[in-house]
Amino acid sequence: PAPEHAVYPYLLRNKKISGVNQVWATDITYIPMARGFVYLVAIMDWYSRRVLAWRLSITQDTAFCVEALQEALERFGTPEIFNTDQGSQFTSNDFTGVLLERGVKISMDGKGRYLDNIFVERLWRSLKHEEVYLNAYDTVQDARAGIAGYFEFFNDERPHCALGYQTPADFYDGLLREAA
């Protein structure tokens, strides 16, 4: 985190995650290209594993993270808790301010504790092994199209054993209908 940014405690230790929109999480990863790389941020619902929003950027700034967050909030409502690492994008007032305005509790992983955000880390592994490493993207537009296709497949077509072999989208949407 930047020295002037607030760091929030990790709120998920021993917490039972039992529903959609209870906990959302995010992280940034790099996407290698034929020449260079781009950064990817994704926001995921922990319970359903659904990717709610994502953005690519050629710089590791805060703006693309805030854009993804705002899209997720507009499309899917407000989570109870939002978990991130302590990266400067996520500790910035621009990012935390959006969450605090909506009354979302902010949770941050401990330093060096990748397991605190394991579902997003697993998403990165799947994305890279099943899509990114198989395609040397020449342009940012190529990367955006490939990743969009993968996330559509991940959300809408790929069944997950942890979800009773439902897709993340079907699982998420089904639980929202039950709650209504």
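Which strand does F37 lie in? Keep that in mind while we look around. One caution before we start: this is a predicted model.

Let's take the sheet. Five strands make an open sheet. Read across, the order is β3-β2-β1-β4-β5. The pairing is mixed. At the edges sit β3, residues 51-57, and β5, residues 105-108. Each of these two pairs on one side only. From one strand to the next, the twist averages 20°.

How do strands hold on to each other in general? Strands of a sheet pair through backbone hydrogen bonds, and they do it either parallel or antiparallel.

Now zoom in on one pair. Strand β1 covers residues 23-32, and strand β2 covers residues 37-45. They run antiparallel, and nine bridges join them. For a landmark, find T26: it stands opposite I43 in β2.

Next, the helices. Helix α4, residues 118-130, lies across β1, β2 and β3. It runs at about 35° to β1. Helix α5, residues 140-156, packs on the sheet too, touching β1, β2 and β3. The direction of α5 makes about 170° with that of β3.

Back to the opening question. F37 lies in strand β2. So is F37 buried, exposed or something in between? Its relative accessibility is 44%. Buried means under 20%, and exposed means over 50%. F37 falls in between, so it counts as partly exposed.

To finish, turn the model and find F37 in β2.

Terms used: Residues numbered from 1 in each chain as written. Predicted model: local features only at pLDDT ≥ 70, side-chain atom pairs only at ≥ 80, totals over all residues. Heavy atoms only, no water. Pairing = 2+ DSSP bridges. Helix = DSSP H or I, 4+ residues; strand = E, 2+ residues; numbered from the N terminus. Axes fitted to C-alpha atoms, helices over the stretch in contact; angles between N-to-C directions. Contact = heavy atoms within 4.5 Å. Buried < 20%, exposed > 50% of the residue type's maximum accessible area, 1.4 Å probe, protein only.
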